[in-house]
Amino acid sequence: MSLVLELLAWTLIVLGSLFCIVGGLGIVRFPDFYTRVHGAGVTDSLGATLVLSGCILEAGFGQITFKLLLVLFALLITSPTATHALVKAAYAGGLKLDIPRPETVRDPDDASAGPEVGVSLRPGLRFEDDHD
Amino acid sequence: MFVVAMVGIVITMLLALSRAVLGPSVFDRLVAVNMFGTKTVLLIVVSGFLVGRPEWIDLALLYTLVNFVGTIAVCRFVRFGNLALDTIRRGESAGGSEGGA
Amino acid sequence: MTTTDMERLEEILAAVPVELVLFVLLAATAVVIARLKDLFSAALLAGIYSLLSAGLFTLMDAVDVAFTEAAVGAGVTTVLFLGTLSVASRQENQQPWRLRPLLVVLLTGAALVYASFDLPRYGDPDAPIHHHIAPEYIEGVAKEIHIPNVVTGVLASYRGYDTLGETVVILAAAVGVLMLLGWPGARPASAWAESAEEGVHPDQIAGKEPQRMREKVILSSAGRLMIPFILLFALYVQFHGDFGPGGGFQAGVIFAAGLVLFGLLFGVDAADRVLPASVAECLIAVGVLLFGGVGVVNMLLGGSFLDYDTLSKDHGQHYGILLVEAGVGITVAATMTRLFYAFASLAGARGGATEH
Amino acid sequence: MGTGWATEGLWIYWAIIALMMTGLYILIARDNLVKKIIGLNIFQSSAILLFVALGKVEGGTAPILIEGAPVEGPGVPLYSNPIPHVLMLTAIVVGVATTALALALVVRIHRAYGTAEEDEIVAAELLRVAEIERAGGGS
């Protein structure tokens, strides 16, 4: 039984750290703010939850588990809220979605568009009503 | 296993920090700072287990809470340019959109 | 080599590279802060700097210090800087490259590195600092004060005079800030009323229905959930400080962080109704008085100043530390809250432009 | 030993000195007063780091007595030195209070001069003195 728990804790913690790194890569590699938020979201919710769950399994039943659950609870409320507030602030602050440059991304299916036309994302994503 | 988690977390911190340094917009930095806070929480939890004194998870809890307060303050500042009023002054943009460095 | 030795070796091997990595991150952050022209971003990175150094404190076994740094660095300090930036310019001026400061810094650094060769090696158990009073304190806290947290014991009992002095310094700093920013001008409610008329909501410029901060559903619900949690946690830290990391200083800052969050989400005027600025001002002094009062009571009971053993035969130290920490907590919480009011209301008082 | 490299564990002080000097550089080289205060904060926290690093005992643990462990004689757990922790803990909170005081001064300076850049303040002050001298005619 304890071996199973140990293995499970191992898996969760390693998986969690993996998700952290993946999200970290995301925040560095994604092209613009709104996509980077996605990477940050992965580490903040999935990565952190998995690592903390692994620690909970490792700690066994007791005060530490209770505190870890509190941390988990607080994290699960605060970090999505913070991300939400950030994106709202960025949207309201007039941060534009950075459309990929024509020379870097091309639509492979749309040959008729010619070499200079890039992929246009959904027009709804682009907003012009900022006050700047 | 906690060493593995530690390494993973530190690498993530490195990545988040590089985004906070690179920017380019204030919001990119903000997301990185927020993420950095969460990673610090994990680092403290894991290092508590690593040195065999997991009692100080209080510290991780504190981080979670204070990080939230800081992020809300910054979001409010970005939106309104101040901390007390729900208005910005006429002729100014609250603007967090200009980049740094 | 026994198993415990092996384990200990593993711990050290595991801990040292992390410290190095954190130091590299710290240095990178510091250099970037030095280079940034945008002060807002610099303040954000200063938050990261604080988080990193708190992580280092934890690795260096200074849990109580990390606790304080965490409570202070990411929350209150950021808020103070943001309050200042709401009136001062957010951009730093371009300035020419200067050689002299760099030379001064390099010379000082070289001198310090030279001096560092005389320091005991990092973690050396034979360093003189570990053999003078520290063992007596650790043993004494266990035998005379009977609480597990040595830091709290030393802070509140053995070095009680020192701590009283620090509390008075906080009081003095608070008085100084209030005198500089002006008592009536720094009142949140009046600032709100004055500038609400001349200001304009960002949504109105964009031609939308203005939405106030407190009307943002997700934020205010999360806030409603978290604020009681933060305040409760502050009380836990206050009263659990004898047994684990924590104490009056940390608890005070956390309590203030809860009120700051309330003020940020529901308006400083609302926070001012919860804890009026005038009450906070009184509480700053009340905390110091409580601390000093315990000392005076000790003297009246026939002991010397801050000699808690006079309070009760068996639990004197417990009662004394409890009261003294409560005093510290009250002063710190009230000071931080009042400072938040003063700095957050700066934007409202801005209408007055310059004084000259 | 883990700390055996880099001149037997002195690197940590050098790292702290590097941080300290970065803070000092910001403090003396930059004109903007808010930036100076940020530099001062960096300087302060590196000083705190130095103290805490001096208090660390290798293989020791945080100075919170472990339940059930003996407090004297053989078998006492090795604790890190609590004294630097006590001193630095209060220094941090006092540091915030003094940061607030410094920022309040910056706010007042900004109100008086309309700027928080040192060179501009000095220029404005020189101009003011010159005007007074011209108006007063040498009195």
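Good morning. I begin with the pair formed by chain C and chain D, where four salt bridges are counted between the two chains. Please bear in mind throughout that this is a predicted model.

One of these bridges can be named. The side chains of D61(C) and K56(D) meet in it, at 3.1 Å from N to O.

Which helix of chain C gives the most to the side that touches chain D? That is helix α1, residues 3-35, with 15 residues. As for composition, the side of chain C that touches chain D holds 73 nonpolar, 18 polar and 17 charged residues.

Let me turn to the extent of this contact. Chain C contributes 108 residues and chain D contributes 86 residues. The size of an interface is often given as the accessible area lost when the parts come together. For chain C and chain D, the buried area is about 8,700 Å², and carbon and sulfur atoms give 75% of that area. Which residues of chain C lose the most area to chain D? They are D61(C), Y122(C) and L180(C), which together account for 9% of what that side buries.

I now move to the second pair, chain A and chain B. Here the contact draws on 47 residues of chain A and 45 residues of chain B. About 3,800 Å² is buried between these two chains, with carbon and sulfur atoms giving 80%.

How many salt bridges are counted between chain A and chain B? The count is three. In one salt bridge, the side chains of D44(A) and K39(B) meet at 3.8 Å, N to O. The residue pairs in polar contact between chain A and chain B number six, both residues being at pLDDT 80 or more.

On the side of chain A that touches chain B, helices α1 (2-29), α2 (33-59) and α3 (63-92) each supply at least two residues. The largest share comes from α3(A), with 17 residues. By class, this side of chain A comprises 31 nonpolar, ten polar and six charged residues.

That concludes the two interfaces, and I welcome your comments.

Terms used
Residues are numbered from 1 along each chain as its sequence is written. Chains are lettered from A and ligands numbered from 1 in the order in which they are written. This is a predicted model: local features need pLDDT of at least 70, side-chain atom pairs count only at pLDDT 80 or more; totals for chains, interfaces and linings use all residues. Side-chain values use heavy atoms; hydrogens and water are left out. Contact means heavy atoms within 4.5 Å. Buried area is the accessible area (1.4 Å probe) that two parts lose on being put together, summed over both. A polar contact is a pair of N or O atoms within 3.5 Å; within protein, one must be able to donate a hydrogen and the other to accept it, and residues adjacent in sequence count only if both atoms are side-chain atoms. Helices (H or I, at least four residues) and strands (E, at least two) are DSSP runs, numbered from the N terminus. Ala, Val, Leu, Ile, Met, Phe, Trp, Tyr, Cys and Pro count as nonpolar, Asp, Glu, Lys and Arg as charged, and the others, Gly among them, as polar.
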